[in-house]
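Q: Could you take me through the aromatic rings of this chain, slowly and in plain words? I'd like to see how they sit together and what surrounds them.

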Amino acid sequence: MSRQSPFGHPFLLGFDEIEQALDRVAKAAGDGYPPYNIERLARTAQDPERLRITLAVAGFTRDQLEVTLEENQLVIRGRQIEDKARHFLHRGIAARQFQRAFLLADGMEVLGADLSNGLLSIDLARPEPERIIRKIDISAPDKV
């Protein structure tokens, strides 16, 4: 049985990219590591409304983290290399790799990233939507 798309309605034209984006997000949402927060930062006189993604990356150094923007996707990767010279009596903190991806709306701008006290914060600017109204001329065939 095939899955019926919510975007299959005849009034929803050109939304196939949104459906593909939702499929990607559903596939990427499986792993809960590392935990993260997303907060809205209020607009100020100098700054537009912003979003901040904060990931708990305790134990990772700046060199072990990578933040990239791949088309509309913000991808955060963490890679730790296990130190073979260390001998643990108990190992409760694993050297772990991760990849966390966030799908960004068109026009979202990544302002920067900061690592402090085991928290990686990435600031994004939400674009101010531009209201566009355009009149479409209606042509009529010439009468003979």
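**A look at the aromatic rings**

A: Let's start with the overall layout: the secondary structure of the chain comes to one helix and seven strands. Helices (H or I, at least four residues) and strands (E, at least two) are DSSP runs here, numbered from the N terminus. Going along the sequence, the pattern reads α-β-β-β-β-β-β-β.

Two notes before we zoom in. This is a predicted model, where local features need pLDDT of at least 70 and side-chain atom pairs count only at pLDDT 80 or more, while totals for chains, interfaces and linings use all residues. Residues are numbered from 1 along each chain as its sequence is written, and side-chain values use heavy atoms, with hydrogens and water left out.

Now the rings. A pair of aromatic rings is described by the distance of the centres and the angle of the planes. Rings of Phe, Tyr and Trp (its six-membered ring) pair if their centres lie within 6.5 Å; planes under 30 degrees apart are stacked, over 60 edge-to-face, and the rest tilted. Searching the whole structure turns up three aromatic pairs.

Take Tyr33 and Phe98: their ring centres are 5.9 Å apart and their planes sit at 85 degrees, so this pair is edge-to-face. Tyr33 is in the loop between helix H1 (16-28) and strand E1 (36-41), and Phe98 is in strand E5 (residues 98-103), so the pair ties together parts that are 65 residues apart in sequence. Both Tyr33 and Phe98 are buried, and buried means under 20% relative accessible area (exposed is over 50%, partly exposed in between, with a 1.4 Å probe and protein chains only).

Phe98 has another partner, Phe60: here the centres are 5.3 Å apart and the planes at 85 degrees, so that pair is edge-to-face too. Phe60 belongs to the loop between strand E2 (50-56) and strand E3 (65-70), and Phe98 to strand E5, so this pair ties together parts that are 38 residues apart in sequence.

Arg96 lies over the face of Tyr33, at 3.9 Å from the ring centre. For a charge to sit over a ring, NZ of Lys or CZ of Arg must be within 6 Å of the ring centre and within 35 degrees of the ring normal.

Finally, zoom back out: of the 144 residues of the chain, 22% count as buried, and Tyr33 and Phe98 are buried.
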